[in-house]
Amino acid sequence: MKIKTLLALAALLPVCLTGCSQNGKPASRYAHLTELTRTEASAYAEELLGAWKDSVSSATAAAFSSRELVRGGHTMKLAWKVFGEEPADGRSLYISLHGGGGTAPEVNDQQWDNQQKLYQPAEGVYLCPRAITNTWDLHFRPESDGFYEEIIRMMVAQMGVNPDKVYVMGYSAGGDGVWRLAPRMADHWAAASMMAGHPGDVSLLNLRNLPFMIWCGALDAAYDRNLRCTERIAEMDSLQKADPAGYVHEGHIVEGKEHWMDLVDAAAVPWMARYRRNPAPDKIVWRQEEELKPYFYWIGAPAGERARGKEVRVSRSGNTIAIEKCDYSALTVYLNDTMADLDKPVRVTYGDKVLFEGPVKRTPAVMRQTLRERQDPSFLYPVRIEVKL
């Protein structure tokens, strides 16, 4: 049975996030307050996340059972296996992208089947999505991102996946996909590994807070993969040298190997498992890629100005947010109590200019809005600050 999961989710979320019970009376004593204390915000977040998880579970039940997601006229088939016991902090999720590309559907089907057998994490859900097209860019078509986001939500609700333990990896055409998806969805992943793919013209700037692995055979000369991957390893080395706290990476050009590396690259799985997503990094480098994003970690860009190549650099220290570079006329900053002391004034600067300075309010409305918009438990915020540059 197929279901348009996002439509079902959209129908449920307004009910569960407005704070109203079935009889129309407030289900939460926090829902209609104009300001919350830290303790109240924490309690209300727990309520919201419980309702959110129940709604996602209901909305994705049929898709989980059929192992198919449908949206925008496309169908993505899913195959997964579960390894190990569930840890106290939730399961891991490995999204593994198959090879193939611009070829016959049956070839991509065979590659999808093969990918399901390639890797075995010690713990976690190992999930292989069948690409929604049979084009050369089959894993990173703009419409694909929503599918990966839906996979994460479904597995959080249905399988107890920890959203901060989600990893992306892929081989050949799947590696092509990782080159694109890792940077443009960097705030979704805990770590990423690219195997035998071609980077094209992708920028690596967004990988500042995403541990990233590069694997390629030294003899993999088709499309100059070996040369391009060697160049990108050097680029990551340079980025980390300039910013030692960021750009964690490893690069492996495997001697004597062509396109197939005889699973030497399986070492990527335990390497990725060492890392957890940090949803609130103290420094963000955000460059818009071909699929334009409204948010990245704890900042948001205005809708009418988003374009590929636009860049933001921002850092956070205590209660001060310093915007170092911004190609937009405005920026939105989201904060929670793990990031700053919200009972004290907050300051936002841009160079020598102070754009905002003063107290902030935790509001239930912002909490509901950010959960509804981001659909990610780690990006639920009680405070939003909008500044004009």
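User: How many helices and strands does the chain have?
Analyst: This is a predicted model, in which local features need pLDDT of at least 70, side-chain atom pairs count only at pLDDT 80 or more, and totals for chains, interfaces and linings use all residues. Residues are numbered from 1 along each chain as its sequence is written, and side-chain values use heavy atoms, with hydrogens and water left out. Helices (H or I, at least four residues) and strands (E, at least two) are DSSP runs numbered from the N terminus, and the chain has 9 helices and 17 strands.

User: What share of the residues of the chain counts as buried?
Analyst: Buried means under 20% relative accessible area, exposed over 50%, and partly exposed in between, with a 1.4 Å probe and protein chains only. Of the 389 residues, the share that counts as buried is 55%.

User: Is Arg67 buried or partly exposed?
Analyst: Arg67 sits in the loop between α3 (61-66) and β1 (68-71), and its phi is near 60 degrees, a positive value in a residue other than glycine. Most residues other than glycine have a negative phi. Because its relative accessibility is 33%, Arg67 counts as partly exposed.

User: What is the relative accessible area of Gln375?
Analyst: Gln375 lies in the loop between α9 (364-374) and β17 (383-388), with a positive phi near 55 degrees. The residue counts as buried because its relative accessible area is 10%.
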